[in-house]
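Open your viewer and get ready to select residues by number. We will take the stops one at a time.

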Amino acid sequence: MRILFTAPRYHTNQVPIVKGLLGKGHEVRYFVVFKGASEEYTFCEPTVLKPSKGMLRQTGKQKKERMKKSPFMEAILFRKCLS
């Protein structure tokens, strides 16, 4: 059987799953958005896909929202108010 996984990255927790599937004779492929530094690619080399423009826009919006709620950002804004 041919199996395709899609995920943000190939996490090391997936290694035993991929190893088991390959051991049973299956073909395994992984599509990811990025590669992490600590991942093991002994059994499967993931294909890195370029994120779409829509995905990048959404990620940018989420990042801005997180920054607005960040206590660190609140401290910076508070300090600016005092100046």
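This tour goes from the sheet to the salt bridges and ends at a patch of charge. Keep in mind that the model is predicted.

**Stop 1: the sheet**

Show the chain as a cartoon. Look for 3 strands in an open sheet, ordered β1-β2-β3, with parallel pairing. Now colour β1 (2-7) and β3 (47-48): these are the edge strands, and each pairs on one side only.

Next, select strand β2, residues 27-32. It runs parallel to β3, and 2 bridges join the two strands. Which residue of β3 is the bridge partner of Phe 31? Select Thr 47 to see that partner.

**Stop 2**

Switch to side chains. Side chains of opposite charge can pair when their charged atoms come close. How many salt bridges does the structure hold? There are 3.

Select Glu 27 and Arg 2 for one of them. Their closest N and O atoms are 3.5 Å apart. The pair links distant parts of the chain: Glu 27 sits in strand β2 and Arg 2 in strand β1, 25 residues apart. Glu 27 counts as partly exposed, at 37% relative accessibility. Arg 2 is exposed, with a relative accessible area of 69%.

**Stop 3: Glu 39 and Arg 9**

Move on to Glu 39 and Arg 9. They form a salt bridge, and their closest N and O atoms are 2.7 Å apart. Glu 39 is in the loop between β2 and β3, while Arg 9 is in the loop between β1 and α1 (15-23), so this pair ties together parts 30 residues apart in sequence.

Is Glu 39 buried or exposed? Glu 39 counts as buried, because its relative accessibility is 8% and the cut-off for buried is under 20%. Arg 9 is partly exposed, with a relative accessible area of 28%.

**Stop 4: Lys 35 and Glu 45**

Select Lys 35 and Glu 45. This salt bridge has its closest N and O atoms 2.3 Å apart. Both residues lie in the loop between β2 and β3, 10 residues apart. Lys 35 is partly exposed, at 38% relative accessible area. Glu 45 also counts as partly exposed, at 48%.

**Stop 5: the positive patch**

Finally, select Lys 50, Lys 53, Arg 57 and Lys 61. They gather on the surface in a patch of positive charge. Zoom in on Arg 57, which lies in helix α2 (residues 53-69). Arg 57 counts as exposed, with 56% relative accessibility.

Technical notes. Residues numbered from 1 in each chain as written. Predicted model: local features only at pLDDT ≥ 70, side-chain atom pairs only at ≥ 80, totals over all residues. Heavy atoms only, no water. Patch = residues over 30% accessible without salt bridge, like charges linked within 9 Å, V, L, I, M, F, W, Y side chains within 5 Å. Areas by Shrake-Rupley, 256 points an atom, 1.4 Å probe, with all protein chains shown as cover. Salt bridge = Lys/Arg side-chain N within 4 Å of Asp/Glu carboxyl O. Lys, Arg positive; Asp, Glu negative; His and termini not counted. Charge placed at Lys NZ, Arg CZ, Asp CG, Glu CD. Helix = DSSP H or I, 4+ residues; strand = E, 2+ residues; numbered from the N terminus. Buried < 20%, exposed > 50% of the residue type's maximum accessible area, 1.4 Å probe, protein only. Pairing = 2+ DSSP bridges.
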